[in-house]
Amino acid sequence: MRQAVTIGLLVKGGGHAMAAGVTIAPDKLAAFRAYLEETLAEPVEAARREDALLIDGAVTAAGASVAMLTDIARAGPFGAGQPDPVFAVPSHTIAYAEEVGQAHVRARLRAGDGTMLNAIAFRAAGKPLGNALIANRGRNVHTAGTLSIDRWNGEERVQFRLMDLATTEPVAQVL
């Protein structure tokens, strides 16, 4: 901001590390906007790239099987240097979603053929992802996350660990 003051775009500027205060003459507003767009273009683009969720593949509820995950596990081990593959599960309906345990949201995603996929969003209750799951029950969504084998009570089932969600229909109000 100091440079914007120096080149005459601002009457004055101030603030602190977490806030900026500026006074702009009305006739300098367009020039200041252009200055910000030029100055911030590269850092904003870099931030968008860093925040991008990279998808490794797409799968449906019917395709997400224990056999598929067993095959994928052969490419492992997965961890910090080689993260678990991220899958898109496109165009499934949120058949069920509720808060469970310590701030998690459990869901079931239904494919067009009726096949269901168990899903969970860890530590998502009260946060945008959890709110979106609950607010969009009964709606068609695109989701992204990782797949794992849930072993419980002698049975193996596929569990989808949700990372993100996008609606395919007009967005329900999410707070």
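T93 is buried, because its relative accessible area is 16%, and buried means under 20% relative accessible area, exposed over 50%, and partly exposed in between, with a 1.4 Å probe and protein chains only. Before going on, a word on the source: this is a predicted model, in which local features need pLDDT of at least 70 and side-chain atom pairs count only at pLDDT 80 or more, while totals for chains, interfaces and linings use all residues. Residues are numbered from 1 along each chain as its sequence is written, and side-chain values use heavy atoms, with hydrogens and water left out.

Back to T93, which sits in strand β4, residues 87–100. Strands here are DSSP runs of E with at least two residues, helices are runs of H or I with at least four residues, and both are numbered from the N terminus. What does T93 touch, not counting residues up to four places away in sequence? The list is R108, L109, R110, G138, R139 and N140. A contact means heavy atoms within 4.5 Å.

Now the partners of β4. Two strands pair if DSSP finds at least two bridges between them. β4 pairs with strand β3, residues 57–58, in the parallel sense over 2 bridges, and A58 stands opposite A88 in β4. With strand β5, residues 104–110, β4 runs antiparallel, joined by 7 bridges. There, E98 faces R106 in β5 as its opposite residue. β4 and β5 form a hairpin with 3 residues between them, and G101 in the turn has a positive phi of about 55°. Strand β7, residues 140–152, is also antiparallel to β4, and 5 bridges join the two.

From β7 we move to β8. These two strands pair in the antiparallel sense over 12 bridges. L147 stands opposite F160 in β8. Their hairpin has 2 residues between the strands, and N153 takes a positive phi near 55°. β8 is also joined to strand β6, residues 116–121, by 3 bridges, and that pair runs parallel.

Q159 counts as buried because its relative accessibility is 17%. Leaving aside its neighbours within four places in sequence, Q159 is in contact with N118, I120, T146, L147, S148 and D150.

Next, the core. A nonpolar core is a set of buried Ala, Val, Leu, Ile, Met, Phe, Trp, Tyr and Cys residues joined through side-chain atoms within 4.5 Å. The largest one has 27 residues, and L117, L133, L147 and F160 touch the most other members. Two or more residues each come from α3 (66–73), β4, β5, β6, α4, β7 and β8. In soluble globular proteins, nonpolar side chains tend to be buried together. Not counting residues up to four places away in sequence, L147 touches V59, A64, M68, L69, F87, V158, Q159 and F160.

Last, a residue in a loop. Is R123 buried or exposed? R123 is exposed, because its relative accessible area is 58%. R123 is found between β6 and α4, which covers 128–135. Apart from neighbours within four places in sequence, R123 is in contact with A103 and H104. The C-alpha atoms of R123 and M68 are separated by 27 Å, and the two residues are 55 apart along the chain.
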